[in-house]
Amino acid sequence: MKIAVCLKRVPDTTAKIVIGATRTAIDETGVKFVPNPYDEFALEAAIALKEQAGAGETTVVAVGTDASQETLRTALAMGIDRAVLLQSAGSADGLVVARALAAELKAGAYDLILFGKLAVDDYNHQVGVMVAELLGLPCITAAAKLTVSGSAVEAEREIEGGVEMMACALPAVVTCDKGLNNPRLPSLKGIMAAKKKPLDVKPVTLDGASFEITSLELPAERQAGRIVGEGADAVPALLALLRNEAKVL
Amino acid sequence: MRVLAVLEQRDGALRKVSHEVLAASRQLADQSAGTVDAIVFGAGAVAGMDQLGGFGADRVLHGTHADFALYCPDGASTTIASIGSEYGAIILAATAMGRDLAPRVAARLGVACATDVTALGVEGGSVTVTRPIYAGRILQHGKLTGTTAVVSVRPNTFHPVESGKAGSIAALAVPSFTPRVASKGVKKPDAAMLDVTEASVVISGGRGLKEPANFKLLEDLAAAFGNAAVGASRAVVDAGWRDHGEQVGQTGKTVSPQLYIAVGISGAIQHLAGMRTARTIVAINRDKDAPIFKVADYGIVGDLFEILPRLTEEVRKIRSS
């Protein structure tokens, strides 16, 4: 089975996020970057599926600048076989990114293409589904449970008030949610091996965007409120405030 | 601008979020002297469909197909795409269904998609949006310049408006489609709990609850409120105490309830990101220096095991009076 995983380099979720001078991007100075946490579930799923099958090939693909090479090496150190960097500055329009990925993935004739369900930077929730549509493949989003047997794919995804059970056939695109697995950490041996694995760099042009960022802004700071009191005796005072002042009761 | 509102139903009845999608669509149409069509998918009639005029729909388009009893990604996207280019904007909810469907529609129409939008406008014929990114730590303002703007709106952000107007219902032709992916059904938990993204009140617990069984205290409080959901911090989800679907924060869900009660949660930056847009925040924690008190409107310092039962009892009294 040939499996591809699409990966994005994002700021660590604990990093302090500061708006840059252009006001349309963040200031990356001093920010630690990591593989998108949801993409790690996809990487783990790909490696585990290949291990189960005992054969196959796993490929990781990223759209990004040369800085993404380090992120791709992390995926190789986890156990992915080869990497492709679609070298570009990226785009705020998910469809433009999806088109570049679809062109690369189409050529690879993969059985399964995995994504994280969203990237924790721009929260777009869309590139994986768009790639599936562009390639004419079935797509299951936000899978928290995934089984592949033969060419049958079954997945469970959390929806409001329940779990939706989805099914499709390979080749397919699946986007991965937390709960799917526990991503492995790269071993020392894996890190050494990753240095020798192939990483192809292919420049791509991303144009035709129909979404543009006009500005970024910090949300209004919440004012620290007040301590109503200590212990259970403060409960009536709290409820009076919720009812009369906040008017949420 | 002509606006198409894509509504959601479950088990043959419209979901509450559908009225929010209509409110957002109406707002956009009114800013551009336009009209709102609402599309409803179902295997047959959908309860509440005849009242949509009063919630802002000028016309309801009813698409029926045997596969539409459950969510049908390929059927829904094919049908919407078949009429989508007649509209300046297509509005969905940023729910499990809308997040799956919006990018499909955008890709089929060859236009951009703005997800999880919290404010909408029209500027020079283009739809403008505000979206929280980095789990709400930054607000992104953007513009959709394609012929049709595909937008999903965050639940609990646009409030339903009842006008008392009448609307009409028309049957919509469903084009033939290939069902590449199929829903095999929805498993429901034994106790029907609201989702944290849709509840008016969210009560979240953290490490301070000491052990998983103590979340019963939060469930009791949620039951006392009646329209509440239980949430959890990343620490307790990672420890396996609670399901990841309940996690609030940057690697979980972003919530905007009327009332958020954080119990035994210290307030890590990635948790604060997920709940800062709640209208009112209450924190209950034994550490008076916990960061959660810096964002909370009201706080009680003390032992949650004494405070919660009292709170539940008092809320019950209020709700039953």
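**Entry 1: chain B as a whole.** I kept in mind from the start that this is a predicted model. I looked up the secondary structure of chain B and found seven helices together with 18 strands. I then checked the radius of gyration, which is 21 Å for chain B against the 20 Å that the globule rule gives for 321 residues, so I noted chain B as being as compact as a globular protein of that length. Along the principal axes, I read off a box of roughly 60 × 40 × 40 Å that the C-alpha atoms of chain B fill.

**Entry 2: packing in chain B.** I looked up burial next, and buried residues make up 60% of the 321 residues in chain B. Turning to contacts in chain B with a separation of 6 or more, I found that 66% of them join residues 24 or more positions apart.

Entry 3: How do the axes of helix α4 of chain A and helix α3 of chain B cross? I found that α4(A), residues 127-135, and α3(B), residues 96-109, have axes that come within 8 Å and cross at roughly 45°. That angle makes α4(A) oblique to α3(B), and I recorded the crossing as right-handed.

**Entry 4: residues at the crossing.** From α4(A) I listed A:V129, A:M130, A:E133 and A:L134, which meet B:D100, B:P103, B:R104, B:A106, B:A107 and B:R108 of α3(B). Sorting this contact by class, I noted six nonpolar and four charged residues, with no polar ones.

Conventions:
Residues are numbered from 1 along each chain as its sequence is written. Chains are lettered from A and ligands numbered from 1 in the order in which they are written. This is a predicted model: local features need pLDDT of at least 70, side-chain atom pairs count only at pLDDT 80 or more; totals for chains, interfaces and linings use all residues. Helices (H or I, at least four residues) and strands (E, at least two) are DSSP runs, numbered from the N terminus. The radius of gyration is taken over C-alpha atoms; the globule rule is 2.2 Å times the number of residues to the power 0.38. A residue is buried if 20 or more other C-beta atoms lie within 10 Å of its own, exposed if 12 or fewer, and partly exposed in between; C-beta atoms are placed from the backbone. Two residues are in contact if their C-beta atoms, placed from the backbone, lie within 7 Å. Axes are lines fitted to C-alpha atoms, for helices over the stretch in contact, and angles run from 0 to 180 degrees between N-to-C directions. Angles under 35 degrees count as roughly parallel, over 145 as roughly antiparallel, 65 to 115 as roughly perpendicular and the rest as oblique. A crossing is left-handed if the near helix is turned anticlockwise from the far one by less than a right angle, and right-handed if clockwise. Ala, Val, Leu, Ile, Met, Phe, Trp, Tyr, Cys and Pro count as nonpolar, Asp, Glu, Lys and Arg as charged, and the others, Gly among them, as polar.
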